[in-house]
Structures are given as structure tokens and as C-alpha cells.
Amino acid sequence: MNCLKKIVIASVAFVVLLAVWVVLFVQFRATEQVLFPGGTYQVYAVSDTTVGGFSNVELTQTDSVISARVNIRSGKAYPYAGMGINLLSVNNRPASGFFDFSDFDSLVIDVETERMLRIGVKILNDDPVYSQKNVYQTYRPMVAQSPVGKNGAAISMLDFKVPEWWLAMQGLEKDDGLRYMNRGMYFEICNGEGTMLGIPDEITVRSIKLWGENRNFKALMIVALVVVLLMYAGVVALAVRDSESFARRRRERQNDLKSRMARAAEMLKTTDRSVAEIAMAVGAKNSTAFEKDFVRVYGVKPLSYRREND
């Protein structure tokens, strides 16, 4: 198989493998987790009455929509009302016993509101130091705000912060930088900042999805791509090297043939030795092979060459 054919076959194989790589990479490079819909998690009403507030909420739910009719009233601390998802109600709960948000980079909520322009999102995580079992108020809250647009709300996981009131409640003077996003307990959607007090509003949610890079898969795919590239480069380099080696051996054979036929031509001109003897003298296999080699170099048969050079 010549060099060009080897390179063509290797290039075709490389293109096919690259196409498969692209398809797999595009399809599996991101990981997705649907919190709603799906019927996997328990949905519950959220309001500030648990911390001494006076806001109220009427929650309705179907298989495809959660609707929270809220009335935000002044009360203790920041008034809020909305809906929540019990992340520990999932079937086949992970062995850790918690929901892991650390694998995700962003959150997309298909949400509509009547009047409020922003929604608040809260993730409640189990803090190994401050959280008490089954005591809602002690879970570490991570909160973020998002405008509600035509396409709903999108929030980066980096936007979630620990509120100052919770830090103060735990006796912390400043944010300790801890998040515990791998120990999720509850996920809540409530009114955002600037909500009008005493005026009923409604939050309608059709889907809640988490998105993240599938980092382990991407790392594996990058390694696979490097391996494929190295294999392709190796095959091409080997084919080129074999081609160069073949060309060198061919030149050597041609030079050797010319040298031997030059000695034969000299003997044909200066001696009366037979063609068979000359063939043996220059290392030919037999007279027939010798004649073919001689014709290849000089264009005439040995005896014709002798006659022409008498």
C-alpha cells in the first residue's frame, strides 16, 4: 500500500471518528436536572409566617404548572411568600442523603408573574455546623434575585449568596465563604425585591431546570480527541517514513542496477565473453533477467549493444 493510499484511508477514518466525537460531545457535554415537572419532588407552600410574618399564599398544582397566589404583607424581617420543593422527597435518594447543586452552573425557570418584576430564589443547605435536624430556620440559605422576562428567569449558581440576616443570626460578623451546595435540602421561589405590599400577585412556574457542564465527560472526551489526533499523526508520519524509505531503497536498487549494467556494457565492448558469463559476472539471476535489466538501462539487448559498439 503506497503512502498516498495510507494517508487517504487514515484521513477518512479520522474524519469519521471526529464526526462521532462531535456528536457525542454536543449531546453529552452538559448535564441537566429537572426539578419540575416530573412528579418526582414534593411541592409545598412557602410564607414568612414560619418566622413571625403575616404574608399568605394559596398554592395550586397540576402535572405541568405550579401556581402560587401570594399576598405580601409587612412582617418580621423581609416578608415573603411563594412555593418550595422538597429535594429530599425524590425516589431513590442519593446515598449522601442530600441534593448536590455543585455539579450545576446555572438555573433556568419558566416563570410568569402578574405584577412583580423580580423573583427571589432560595436554596436551603444542611450546614454541618449550624443546621439542626428538621429545624427549617437553621438550614443555610443561599439566595439570589432574578428579573422575570419573556423567557422566564435565568440565574448563575455563582449569584447565590448567604444573606446577612442569617450570618448575624449565627453570630458571624461576615460571610464565612461556605456554601455547602452539595448538601441541598429545599428549593424555594418567592417574591423578589420591590414587590408591592398588600396587593395580591401570582407566581406561575412551568419548569425548573438546572444546567451544568459534564466536566468528567468533557475531560474524557478531550483525552479521547488527543489520542485520535496522535494516532492520525502517527499513521501519517509512518506512511511518509515508509514512503521515503521505499523511495530510498528504490534509488539504491536503480543505482546498483545502473552500476552493474555499466560493468556489463564494458565487458560487452572489451571482451568476447558470452552473455551468460557476463550475466553471472554482474550478479544477474539468469540470462533472461540480465537481458531485461540491460534493456531497461540501455534500451537494447546485450548482443545488439555489442554489435553497435564493435
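Which residue in β5 is the bridge partner of S47? The bridge partner is A81.

This is a predicted model, in which local features need pLDDT of at least 70 and side-chain atom pairs count only at pLDDT 80 or more, while totals for chains, interfaces and linings use all residues. Residues are numbered from 1 along each chain as its sequence is written, and side-chain values use heavy atoms, without hydrogens and water.

Strands here are DSSP runs (E, at least two residues), as are helices (H or I, at least four residues), numbered from the N terminus. Two strands pair if DSSP finds at least two bridges between them. The pairings are as follows.

| Strands | Sense | Bridges |
|---|---|---|
| β2 (residues 42-47) and β5 | antiparallel | 6 bridges |
| β5 and β10 (residues 184-191) | antiparallel | 5 bridges |
| β3 (residues 56-61) and β4 | antiparallel | 6 bridges |
| β4 and β11 (residues 201-213) | antiparallel | 5 bridges |

Buried means under 20% relative accessible area, exposed over 50%, and partly exposed in between (1.4 Å probe, protein chains only). In strand β5 (residues 81-86), 6 of the 6 residues are buried, so the strand is largely enclosed by the rest of the structure. Its residue I85 stands opposite F187 in β10.

Strand β4 (residues 66-71) has 5 of its 6 residues buried, so β4 too is largely enclosed by the rest of the structure. β3 and β4 form a hairpin with 4 residues between them, and L59 has A68 in β4 as its bridge partner. On the β11 side, I66 is partnered by V205.

With 48% relative accessibility, R251 counts as partly exposed.
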